[in-house]
Each structure stands twice: as C-alpha cells, then as structure tokens.
Amino acid sequence: MGYNKTSLRAEEFIDDKEILDTLAYAEANKDNVDLIDEILEKARPVKTETGYRCSGLSHREASVLLACEIPEKIEKMYEIAEEIKLAFYGNRIVIFAPLYLSNYCVNGCVYCPYHLKNKHIPRKKLTQDEVRDEVIALQDMGHKRLAIESGEDPVNNPIEYILDCIKTIYSVHHKNGDIRRVNVNIAATTVENYKKLKDAGIGTYILFQETYHKESYELLHPTGPKHDYAYHTEAMDRAMEGGIDDVGLGVLFGLEKYKYEFAGLLMHAEHLESVHGVGPHTISVPRVKKADDIDPDSFDNGIDDDTFIKIAACIRLAVPYTGMIVSTRESEDVRTKMLRVGVSQVSGGSRTSVGGYAGYSSDERPHDTEQFDVSDIRSLDEVVAWLMEEGHIPSFCTACYREGRTGDRFMALCKNGQIQNCCHPNALMTLCEYLKDYASDGTKKIGNEVIDRELLNIPNEKVRAIADKNIEDIRNSNRRDFRF
Ligand code: SAM
C-alpha cells in the first residue's frame, strides 16, 4: 500500500497519507512567495506556433495556491485562470439542462432527499411518454444537450430503463428541435453496463465522488450499494474500460474539508490521465443545498463564496484542458464570478424534480420531488442574454463527440489551438439556431450582433466563409445542425 497514481485500487490512487502530506506541504508553503510565483508562472499559458500550451499543475502545487491567502497572489490566480479559459475555450460557454428520470433510490446518502428512509416525498419515475413530454418541453426552450439524472434502484431504474430513456430522448424531434448529446449522471455500475451506455451514444458519464475522504464517505453513505467507497471511486476506470472516453468528476462541497477534497479531486484526475492517457472531460463543483429534509447547515464544512471561487480558479490552473461546470445550485452573482475564473459550462432553466418541465410555465416549478433548491431560477432565454451581456458566447454545440472527437482527440483539438476554427463557428451556428427558433426579441437582437461581430474572429478564411453561409441559411430557412 502507499500512494500510486497508476494503481487501479481506490485507496492507492486516492491515498489518504498523500493527501495529508500535501495539505501539510501546502500549509508550510502558503507564504512562500518565491514558490508561489514559480507555480503561477508554470500555470500560465505559453503561446506556440499553433495556439497555446499549458503544463497544468500537480495536486501539490495547486494545493499550495489554494492555501495561499495573500490577496495579490489570489488576484494573480484569477487573472491566469481567465487567461487559460480564453486560451483554450475562448469566450464560449456551453449550455445544458438536467433531466430527472426517477427519484426511486435504495441508498441512504445523508445529504440527499431521495434517500430510502425519506417516506414523505412522492416517488416518481417517468414513463417513456412522460420522457417524450419532458424532452419536447426542453426542446421548446431551446436545449440541445441534457444531463440525465436518476436515483439508484436496480428494480425501479435498472440499466434497461435508463437505456430506453436515452433512446426516447434521441428519437424526439419536435419542430426544429432535437437533443444531440445526452450526458448521464447515474450511480456507479459495471463495465458491462458502461459498454451499454457507450453503445447508446451517450456523451459524458458523470459521477460525483461526493467526498474523497473514505471514513466520511462511509458515514455519509451509511446504507445501500453506494456505501462501497472503492466501488464508487473506481467507477471511472470501469467506465473507461467500457469504452467511455469522456468522464466527468465532481465533489459535493460542504461535506468534507475543501482542501482535502481539492487534493483528492486532482489526484483522481492525475490517476485517469496516467492510466488511460486522458484526464476528466469535465469537473463539476456542486455545493450542498437545502432540500426536502436536508439542511446544509447540518454539515460542518460549508464554504463561503470567495473560497468557492478560489477553488474554481485553482482547478482551472491545475487542469487547463478540462471543462468546468457550474449548475443552477448557484446564484446569478456567484455564477457571474465563476465564469470569470474558468467555468466553461452552465445549466440554464433547470428543474431538479422528476417531471419538472412539461406542463409548467417558465415561472412555475413543482417542489414535491425536487432534489435540491435551485438558486438561479431564470429562464433559459434570460441565461442566454445574461451570458452575452457578460461578454460570453452561449454555445449549444454538441459537435465534438458526434464527430468522434472524444477523449484524447478532443484534448488534441484543444492543445493544437484549432478550437477557434472549430468550436467557435460551431458555437455561433448553434447560437444562431437558438435565436431563430426560440429567443425573445431582446435576446435575438443582442445575439445577432454577437454573431456578426464574432464571425470576424474565425481565423481561417475558408471556415469563416462556410460559417457565414451556414448562418445565412439558418436565418433564412429551416436548415439546421451544421457543424465543423
Ligand atoms: N444517484 C446518482 C449517484 O448515486 O451518483 C447521481 C445522481 S444525483 C441525482 C446527482 C448529484 O446530486 C449527486 O451526485 C449529489 O452530488 C448531488 N446532490 C444530492 N443531494 C444534494 C443536495 N442536497 N444539494 C446539492 N447537490 C446534491
């Protein structure tokens, strides 16, 4: 035993002693200005012939930055985080929505209202007709990318049910709408089931670790299959063995001490990179929220907004090529700040209840099966307009995985600086679809100006001309789904 990032055993690649040694090293060096400057310099993107290169940071280096409390160094972290985001992801922000399929669950997670002992919430599972209705409602909002969510219950939500739902989702084409990427956030499962998910054409497989601290993990998941720390922590290795290239990590901040979680999260990323040759596609940063019988204050490790933003910036510095996701658990204000330090994906117009979209107007929301309170309750149209007002380009692009650019092939695109000739026009074309088919007049006006201005920022002349023509087609006809 001992720390070994290439081991396939959870307790070796997330070695408790290595995390504690890292935290001690970070604490000892948090005022070591020379070392901090050196780490910041290492994190900075370097211009190359084709684009930018970034070396990222080890979990030890990034932990020193997270421990540092010197205000001007923290400002530097934010500055470089934004530089990295712009170098690799440009000013695009990808948009998605969660779709809750079922809240049946056999686990005992103490932070989640879907836990088995909660007898007073109604249990609901969408039928395929209801999935269709939800998807139509989501398409009518303008969504193209979903993250499906479900409790763990082998009887009520077996893998066949999840696969049926994915099939239904991809089969719905309402007006000009379609869902082009389904990401999946379901409990840890077997290699065989991951293969089935891969064959069903999923995008990213997302699984939050919740906490990397084994003892706390076991206390927070006292009963049910999720109690098994190793099975949960090793899930991404099984997913990759099953052929899923894009996996999404996450920690539920508030459960354990954030510095511990941060080091564990980066060690998990280093493990995936060293074993599978590709790190996590995304990292999510949820914080525990109030929910039915859950009081976030009952957990001792809540973090304030400033710490939360600093964590996001340090993640951006450490894993420059990994997308970072912030959900509607966070308020508009926090999301605005998170976007400046490197977040690349946000959800919008989200409902966290089973059957929360169909039949409800944009300001009505059912609470009975909600997984947690949503802080950002704006409509998708408002989120799209806000992003543009903040200087970002909302993107509904799903091209990469549909063109086979997953795993290391996506990373190569990022590293070769080809994103500006690929993701940038794709973002503009999908934004144009959104504006034409779903936006309010005000959003349309801002958006069309953004598109006309940003088209000029496509470096390759040929690509620019094609994008220009496609945008004209979208504006003047029902032709859709152009992509590079
Ligand atoms: N059931 C799946 C599993 O076992 O991993 C995951 C799906 S669950 C619907 C998605 C995530 O919501 C969980 O992984 C957890 O991190 C988060 N979550 C649960 N309760 C929450 C709460 N009270 N506040 C914020 N997020 C919560």
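Of the 484 residues of the protein chain, 61% count as buried, where buried means under 20% relative accessible area, exposed means over 50% and partly exposed lies in between, with a 1.4 Å probe and protein chains only. The model is predicted, so local features need pLDDT of at least 70 and side-chain atom pairs count only at pLDDT 80 or more, while totals for chains, interfaces and linings use all residues. Residues are numbered from 1 along each chain as its sequence is written, and side-chain values use heavy atoms, leaving out hydrogens and water.

**Overall build**

- The protein chain has 20 helices and 11 strands; these are DSSP runs numbered from the N terminus, with helices (H or I) of at least four residues and strands (E) of at least two.
- The radius of gyration of the protein chain is 21 Å, close to the 23 Å that the globule rule gives for 484 residues, so the chain is as compact as a globular protein of that length.
- That radius is taken over C-alpha atoms, and the globule rule is 2.2 Å times the number of residues to the power 0.38.
- Taken along the principal axes, the box filled by the C-alpha atoms of the protein chain is roughly 60 × 55 × 40 Å.
- Among contacts between residues at least 6 apart in sequence, 74% join residues at least 24 apart; contact means heavy atoms within 4.5 Å.
- The protein chain exposes about 18800 Å², and carbon and sulfur atoms supply 50% of it. Accessible areas come from the Shrake-Rupley method with a 1.4 Å probe, and for residues only the protein chains shown count as cover.

**Helices H7 and H8**

- Helix H7 (residues 159-171) packs with helix H8 (residues 191-199) at an angle of about 10°, and their axes are 10 Å apart.
- That makes H7 roughly parallel to H8, since angles under 35 degrees count as roughly parallel, over 145 as roughly antiparallel, 65 to 115 as roughly perpendicular and the rest as oblique.
- Axes are lines fitted to C-alpha atoms, for helices over the stretch in contact, and angles run from 0 to 180 degrees between N-to-C directions.
- On the H7 side, Ile159, Glu160, Ile162, Leu163 and Ile166 meet Asn193, Lys196 and Leu197 in H8.
- The residues of this contact of H7 with H8 comprise five nonpolar, one polar and two charged. Ala, Val, Leu, Ile, Met, Phe, Trp, Tyr, Cys and Pro count as nonpolar, Asp, Glu, Lys and Arg as charged, and the others, Gly among them, as polar.

**Residues with positive phi**

- Glu210 is in the loop between strand E6 (205-206) and helix H9 (214-220). Phi of Glu210 is near 70°, a positive value in a residue other than glycine, and at 8% relative accessibility Glu210 counts as buried.
- Asp481 lies in the segment after helix H20 (461-476). Phi of Asp481 is near 65°, again positive in a residue other than glycine, and Asp481 is partly exposed at 23% relative accessible area.

**Loop residues and their contacts**

- Arg123 sits in the loop between strand E3 (92-102) and helix H6 (128-141) and counts as partly exposed at 23% relative accessibility.
- Not counting residues up to four places away in sequence, Arg123 touches Asn103, Tyr104, Cys105, Pro113, Tyr114, His115, Leu116 and Asn118. The C-alpha atoms of Arg123 and Cys105 are separated by 8.9 Å, with the two residues 18 apart along the chain.
- Thr398 lies in the loop between strand E11 (393-395) and helix H16 (399-402) and is buried, with a relative accessible area of 4%.
- With residues up to four places away in sequence not counted, Thr398 touches Lys144, Arg145, Arg180 and Arg181. Thr398 and Arg180 are 218 residues apart along the chain, and their C-alpha atoms are separated by 6.3 Å.
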